[in-house]
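Subject: Model for you to look at

Hello,

Here is the structure I promised to pass on. Please open it first; my notes follow below.

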Amino acid sequence: MLETGTSRVKRGMAEMQKGGVIMDVMNAEQAKIAEAAGATAVMALERVPSDIRAAGGVARMADPTVLEEVMKVVSIPVMAKARIGHYVEARVLEALGADYIDESEVLTPADEVFHIDKREFTVPFVCGAKDLGEALRRIQEGASMMRTKGEPGTGNIVEAVRHMRLITGQIRKIKGLSKDELYAEAKNLGVNYELLLDVHETGKLPVVNFAAGGVATPSDAALMMHLGADGVFVGSGIFKSDNPEKFARAIVEATTHYTDYKLIAEVSKNLGGAMKGIEISKLAPHERMSDRGW
Amino acid sequence: MTQKIGVLALQGAVAEHIRSLQAAGAEAVAVKRVEDLEQLDGLVIPGGESTTIGKLMRKYGFIDALRKFHEAGKPLFGTCAGLIVLAKTIQGGEEPHLGLMDMTVVRNAFGRQRESFETELAIQSIDNPVRAVFIRAPLIGEVGSGVEVLSTHNGEIVAAREGTLLAASFHPELTDDYSLHAYFANMVQEAAQVKR
């Protein structure tokens, strides 16, 4: 009678995050700041993406004590990242009690062919995507929430915008196709026909879709909401800014009231410096996290 | 005349409630500012994160505005986070938000997300069992004498009503069963008739 880990329970959890901001945190103190600022969830990490870029080498799941420490101090959901394809890291995070797992390109992929079979888990997963095909392939594998990949740790919104525009544009195109054209399109996109039919009929992804990868200011967050995001992930943007508390609060408000430009102007005053950004063209191909996964 | 019901749209599952209210025959709109409350006959406070919703409610003046809305006899319906927002007492000493409904709620009472579940529930005044989705859900620990218990799960209270206040710890908006929304729409209609 009582069923855990159903698709409704896993997807529903993401529905409850809508209109919210999910913030990367590295310790209990940052988690408390994020919660006090109005974050709807936190992502517990050892290093934020910009530090991962700076450090180089292999980036893995965080030390379990980081997750435990964060879970102890906040009442909002706590998410954590596992490497693409690393289902043992994911099982470990599930066992620790993470509320959501991000199978994330921010970490170094553990498998270049197979993503995690996310349907097998009770805990829900969020995954990144650059286009509609990628999003639907992840959903097919059991992802209960999507996010744009953007380009993590750059503080540069351009890639998140590119991915969100592409996905929403592709959805509009799918909506306009006739049913018989959908079969060929399913083949083109490398996705299941039924899933594509659902997009055709509803005009949206079957799960919540957040923006991620480059959000650094309140206006960035609001821009992504305008482009159709259900909410935003902010990675390095909060705790790599000059004033994390102010940035966190301002981004939360701008996300809620993304069409209220006076309010966004108000919350953007005297924030101090945003995180230092990276121009995307300065990244070597192997430094582009968004190209990880398929 | 169709009643107009708002859904507080600061954060959370707003669109789902609007769809369910419409399916139950009510007119439904998203509400982001206190000025929008004037034109409404009732309001749903949706599921989401109660800490986030509570903070934004304070910031934008919704606490006083909704207490007045309640005093004017207009019904409020809180689901999950919305139930926490309505409660007079939150176990653990957290400051209550609206503090209107005479009950003590226990946040995240079932544990973490992996313990979230769905099940069938019997609800007072609703004929058929309702599919109920519990997501990191709160429980109603204790209720005052004026509160009518509408449903229990394993002996714990998961839905209740006190006059024009309705609360559920689960998410009726995540299923295609609109009976609880119809129940609330009916409360709104009755309240509007009393006022006239």
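First, the interface. In this predicted model, 42 residues of chain A are in contact (heavy atoms within 4.5 Å) with 38 residues of chain B. The area buried between the two chains is about 3,100 Å². Carbon and sulfur atoms give 52% of it. Buried area here is the accessible area (1.4 Å probe) that two parts lose on being put together, summed over both.

On conventions: residues are numbered from 1 along each chain as its sequence is written, and chains are lettered from A and ligands numbered from 1 in the order in which they are written. Local features need pLDDT of at least 70, side-chain atom pairs count only at pLDDT 80 or more, and totals for chains, interfaces and linings use all residues, while side-chain values use heavy atoms, with hydrogens and water left out.

Polar links across the interface come next. There are 26 residue pairs in polar contact between chain A and chain B, both residues at pLDDT 80 or more. A polar contact is a pair of N or O atoms within 3.5 Å; within protein, one must be able to donate a hydrogen and the other to accept it, and residues adjacent in sequence count only if both atoms are side-chain atoms. On the chain A side, the elements that give two or more residues are β1 (3-4), α1 (7-15), α2 (28-37), α5 (87-96) and α12 (244-256). Helices (H or I, at least four residues) and strands (E, at least two) are DSSP runs, numbered from the N terminus. The largest share, six residues, comes from α1(A). By type, that side of chain A has 18 nonpolar, 14 polar and 10 charged residues. Ala, Val, Leu, Ile, Met, Phe, Trp, Tyr, Cys and Pro count as nonpolar, Asp, Glu, Lys and Arg as charged, and the others, Gly among them, as polar.

Seven salt bridges cross the interface. The rule asks for a side-chain nitrogen of Lys or Arg within 4 Å of a carboxyl oxygen of Asp or Glu. One of them pairs Glu3(A) with Arg131(B), closest N and O atoms 2.5 Å apart.

β1(A) runs antiparallel to β7(B) (residues 117-121), joined by two bridges. Strands pair if DSSP finds at least two bridges between them. Thr4(A) has Phe117(B) as its bridge partner.

Within chain B, five bridges join β10(B) (148-153) to β11(B) (156-162), again antiparallel. Glu148(B) stands opposite Arg161(B).

Over all chains the salt-bridge count is 32. Two within chain A deserve a look. Asp51(A) and Lys240(A) meet at 3.0 Å, N to O. They are 189 residues apart, Asp51(A) in α3 (49-55) and Lys240(A) in the loop between α11 (236-239) and α12. Glu159(A) and Arg288(A) meet at 3.2 Å. Glu159(A) lies in α7 (158-176) and Arg288(A) in the segment after α13 (261-267), so this pair ties together parts 129 residues apart in sequence. Glu159(A) is buried, at 3% relative accessibility, whereas Arg288(A) is partly exposed at 23%. Buried means under 20% relative accessible area, exposed over 50%, partly exposed in between (1.4 Å probe, protein chains only).

Best wishes
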